[in-house]
Amino acid sequence: MSDSMQFSNVDNQEIDDLNEKSRRDYREKWARHRTFTEEVQSIVTKNLIETGVDVAVVEGRTKSVESFFGKISRDDKTYSKPLEEVTDLSGCRVITYYNDDIDTVEEIIRNNFIVDERNSERKDNPANPKEFGYLSRHLIVSMNEDRLKLGEFKSFKTHKAEIQIRSVLQHAWAAIEHKLQYKNKHDIPEPIQRRLFQISAILEMADDQFKYVRRKVGTLRDEYKNEIKAGETTVPVNVDSVDVFLETSTVFAELRSHLDDVGVNVSPRPKNSKNPLSKLNQTLFLAKIKDVAAFEMLVNRRTSSDWL
């Protein structure tokens with residue numbers, strides 16, 4: 001056996017011993033990492049709610065001991081300090097409804113954590129515009145100085161978490177891609193590549209169309225508000241036009257005031273809450289009330305006191 005072979009075997013044995021020790025250490029510390037994961041998820045969720053950003057999912061996971069051991073035992077990379085170098089022991093995923101909310105979510109995360117720029121990745125902006133596939137933003141974060149001053153966070157000084165941010169449709173691609181088990185485009189048979197290009201393009205286009213729809217709803221509400229104030233009689237009845245009308249109606253403003261006086265809060269619904277006006281809209285449709293002007297005439301037949 002050559003000297004180089006003996007040296008290689010020694011190195012491999014040292015790596016195996018280190019990995020095995022790291023597995024034992026991680027098993028002992030796993031519960032603490034799980035607590036860190038829960039804290040990161042809680043901070044993210046709390047700040048999304050406080051800033052009014054509506055997302056589909058905020059979920060957390062702590063890498064299992066066996067998954068950790070499998071990662072540090074792979075041949076493609078060696079670790080000298082596995083527990084410090086593996087940055088996704090704790091993970092959090094934020095799935096947005098719209099792809100233009102991803103920047104907003106990232107800003108919220110940057111305002112609440114220290115971001116490790118060197119290990120973070122923007123996988124949602126491929127350098128080659130012809131590339132397709134996994135789109136996501138990965139931020140490696142740790143607790144900021146203000147939180148580390150608090151007693152419950154002091155032990156998390158060296159802990160890091162990977163926060164992934166992507167849209168619902170980007171997540172759909174990621175989930176299916178994971179199921180297909182193609183690690184990169186070179187693994188994909190050519191006939192399948194073409195179909196995957198098509199699917200990727202469709203999902204990206206759908207993301208853009210959902211973004212357009214949301215913006216268009218906002219534009220329409222502004223148009224309805226201006227038209228109603230101007231006395232326009234042909235504003236069609238739908239949940240958005242009725243909602244705008246109720247916000248601007250003097251009768252309902254007086255009604256809200258009366259109810260406030262007796263301790264009943266009927267302030268406008270939160271921006272991200274489910275719309276409660278569907279049943280009213282359906283009733284107006286069945287009553288053949290087709291525009292807001294007709295609804296307003298019906299409402300104004302009674303005073304605010306009559307409605308109480």
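A salt bridge is a side-chain nitrogen of Lys or Arg within 4 Å of a carboxyl oxygen of Asp or Glu. The views below show a predicted model.

**View 1. Asp103, Glu106, Arg110, Glu117 and Arg137 form a network of salt bridges.** Side chains of opposite charge can pair when their charged atoms come close. Over the whole structure, a search finds 23 salt bridges. The network shown here links Asp103, Glu106 and Arg110 with Glu117 and Arg137.

**View 2. Arginine 214 pairs with aspartate 100 and with aspartate 101.** The side chains of arginine 214 and aspartate 100 meet in a salt bridge with an N to O distance of 2.8 Å. This pair joins distant parts of the chain, 114 residues apart: aspartate 100 belongs to the loop between S2 and H4, and arginine 214 to helix H7 (residues 190–229). A salt bridge of 3.0 Å, N to O, connects the side chains of arginine 214 and aspartate 101. Because arginine 214 lies in helix H7 and aspartate 101 in the loop between S2 and H4, this second pair ties together parts that are 113 residues apart in sequence. Aspartate 101 has a relative accessible area of 9% and is therefore buried. Aspartate 100, at 22% relative accessibility, counts as partly exposed. Arginine 214 is likewise partly exposed, with a relative accessible area of 30%.

**View 3. A salt bridge joins arginine 221 and aspartate 240.** The N to O distance between these side chains is 3.1 Å. Arginine 221 is in helix H7 and aspartate 240 in helix H8 (residues 239–248), and the pair links distant parts of the chain, 19 residues apart. Both arginine 221 and aspartate 240 are buried.

**View 4. The largest nonpolar core contains 25 residues.** Within this core, Val40, Val44, Leu48, Val94, Phe113, Met143 and Ile163 touch the most other members. At least two core residues come from each of helix H1 (3–50), strand S1 (55–62), strand S2 (90–96), helix H4 (102–112), strand S3 (113–115), strand S5 (137–143) and strand S6 (161–167). H1 gives the most, with five residues.

**View 5. Valine 44 is shown with its contacts.** When residues up to four places away in sequence are not counted, valine 44 touches Val58, Cys92, Val94, Phe113 and Ile163.

**View 6. A second, separate core has 16 residues.** Among its members are Val235, Val242, Val244 and Phe295.

Definitions and conventions
Residues are numbered from 1 along each chain as its sequence is written. This is a predicted model: local features need pLDDT of at least 70, side-chain atom pairs count only at pLDDT 80 or more; totals for chains, interfaces and linings use all residues. Side-chain values use heavy atoms; hydrogens and water are left out. A nonpolar core is a set of buried Ala, Val, Leu, Ile, Met, Phe, Trp, Tyr and Cys residues joined through side-chain atoms within 4.5 Å. Buried means under 20% relative accessible area, exposed over 50%, partly exposed in between (1.4 Å probe, protein chains only). Helices (H or I, at least four residues) and strands (E, at least two) are DSSP runs, numbered from the N terminus. Contact means heavy atoms within 4.5 Å.
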